[in-house]
Amino acid sequence: MLNWKHKDLLGLEELSKEEIELILETADSFKEISLRPIKKVPTLRGKTVVLFFFEPSTRTRTSFELAAKRLSADTVSISATTSSIVKGETLKDTAKNIEAMKVDIIVMRHSSSGAPHLLAKAVEASVINAGDGCHEHPTQALLDMFTIKEKKGRISGLKVSIIGDIAHSRVARSNIWGLTKLGAEVTVCGPPTLIPQGIEKFPVKVTYDVEEAIRDADVLNILRIQLERQKSNLFPSLREYALNFGIDAEKLKFAKPEVLIMHPGPINRGVEISPEVADGPYSVILEQVTNGLAVRMAVLYLVSQGGK
Ligand code: CP
């Protein structure tokens with residue numbers, strides 16, 4: 001079996017097919033721990049994991065913390081508003097001070113693309129990217145792929161349509177790299193203003209026709225409209241977006257019978273996805289969250305072994 005060589009996990013663009021498969025296989029072996037009456041193993045006993053979150057998070061932060069605790073690591077949380085960054089300390093200085101306390105792994109979310117990469121160069125501790133700006137969210141894409149593989153038995157040869165705000169989505173970018181390396185065909189769909197410039201450099205098909213994106217797809221990964229990252233009005237209104245691109249029961253009539261409905265969360269019900277689709281029989285949205293824990297246990301374990 002391939003050995004994990006990296007100190008950090010910063011994105012899926014730089015990983016090989018075999019490295020992505022190694023993470024998914026390791027996650028598979030960790031999943032059953034969360035089904036035990038005592039959900040704890042000693043794998044990371046004596047290690048310290050710092051959760052360094054500069055943007056809001058429910059799923060990623062909680063599941064990294066639970067993953068670390070289930071592996072018996074100690075955890076510490078730091079947020080932007082309660083750290084000395086508000087007093088003018090640089091990110092690098094803050095990180096160096098945290099490292100001086102002999103921590104092993106830093107999990108970082110930041111609104112600036114590349115912030116975890118800067119940190120990874122500055123510290124000896126392993127750095128895991130928990131989402132950097134519009135760039136990458138590798139563990140989200142890994143849990144999406146884990147869920148697809150669990151439900152469909154494979155990834156290679158599947159057609160996956162990612163629908164929504166592609167321009168501002170780190171989830172879309174990580175999914176595109178991961179899925180295409182594992183042999184899936186990826187289509188991205190949204191209004192032209194929400195498809196990023198330079199999309200032709202990515203190995204994807206682009207359509208502005210939601211019906212075309214739905215037809216033939218084995219998986220629909222529906223993304224949130226990220227109003228907090230949009231600097232100008234990129235579509236007339238949320239109501240108009242919902243009418244044209246929101247996935248509801250009416251639009252799902254074009255879908256394959258066993259289509260998988262995914263969403264990374266948080267959901268804006270009635271905007272990009274209707275409640276009957278989010279809670280419907282094809283939705284695996286909460287199973288994605290469950291699988292996120294196993295994937296993050298795997299990533300914490302692998303980086304703790306890597307580059308040593
Ligand atoms: N999917 C995701 O990253 O969710 P959070 O922002 O709640 O972590």
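**Entry 1: serine 72**

I looked up serine 72 and placed it in the loop between H2 and strand E2 (74–79). Helices (H or I, at least four residues) and strands (E, at least two) are DSSP runs, numbered from the N terminus. I am working from a predicted model, where local features need pLDDT of at least 70, side-chain atom pairs count only at pLDDT 80 or more, and totals for chains, interfaces and linings use all residues. Residues are numbered from 1 along each chain as its sequence is written, and side-chain values use heavy atoms, with hydrogens and water left out.

Serine 72 has a positive phi of about 70 degrees, although it is not a glycine. Most residues other than glycine have a negative phi. Is serine 72 buried or exposed? Serine 72 is buried, with a relative accessible area of 17%. The cut-offs I use are under 20% relative accessible area for buried, over 50% for exposed, and partly exposed in between (1.4 Å probe, protein chains only).

**Entry 2: aspartate 216**

I then turned to aspartate 216, in the loop between helix H7 (210–214) and strand E8 (219–222). Its phi is near 75 degrees, a positive value in a residue other than glycine. Aspartate 216 is partly exposed, with a relative accessible area of 48%.

**Entry 3: proline 266**

I checked the peptide bond between glycine 265 and proline 266 and found it cis, with omega about -5 degrees. Most peptide bonds are trans. Proline 266 sits in the loop between strand E9 (260–262) and helix H10 (275–278).

**Entry 4: pockets**

Which residues lie nearest the centre of the largest pocket? They are Arg109, Arg170, Arg224, Gly265 and Pro266, out of 20 lining residues. Helix H2 (59–70) and helix H6 (170–181) are the elements that give two or more residues to this lining. I noted a volume of about 410 Å³ for the largest pocket.

My terms come from a 1 Å grid over the protein atoms alone: a cavity is a set of points where a 1.4 Å probe fits but cannot get out, a pocket is an open set with protein on both sides within 12 Å along at least five of seven lines, and lining residues have an atom within 4 Å of a point. Grid points are joined across faces, edges and corners, and a volume is the space filled by probe spheres set on the points.

By class, the largest pocket is lined by five nonpolar, eight polar and seven charged residues. I count Ala, Val, Leu, Ile, Met, Phe, Trp, Tyr, Cys and Pro as nonpolar, Asp, Glu, Lys and Arg as charged, and the others, Gly among them, as polar.

The second largest pocket holds about 210 Å³. Of its 16 lining residues, Ile267, Ala278, Ser283, Ile285 and Leu286 are the closest to its centre. Helix H11 (residues 285–305) gives the largest share of that lining, four residues. I sorted the lining into eight nonpolar, four polar and four charged residues.

**Entry 5: the cavity**

I found one cavity of 30 Å³ or more. Its volume, as the largest cavity, is about 70 Å³. Among the lining residues are Arg59, Gln140, His263, Ile285 and Arg296. H2, H5 and H11 each supply at least two residues of the lining. H11 gives the most, with five.

**Entry 6: helix H5**

I compared the span of helix H5 (residues 138–152) with expectation. At 1.5 Å a residue, its 15 residues should span 21 Å, and the end C-alpha atoms are 21 Å apart, which agrees. The expected span is 1.5 Å times one less than the number of residues. In H5, 11 of the 15 residues are buried, so the helix is largely enclosed by the rest of the structure. The buried residues include Leu142, Met145 and Ile148. Just after H5, glycine 153 takes a positive phi of about 80 degrees.

**Entry 7: cores**

Which residues have the most contacts inside the largest nonpolar core? I listed Val107, Leu142, Met145, Ile148, Ile162 and Leu300, in a core of 63 residues. H11 gives the most to this core, with nine residues. A nonpolar core is a set of buried Ala, Val, Leu, Ile, Met, Phe, Trp, Tyr and Cys residues joined through side-chain atoms within 4.5 Å.

A second, separate core has 24 residues, including Cys189, Leu220, Ile225 and Leu252.
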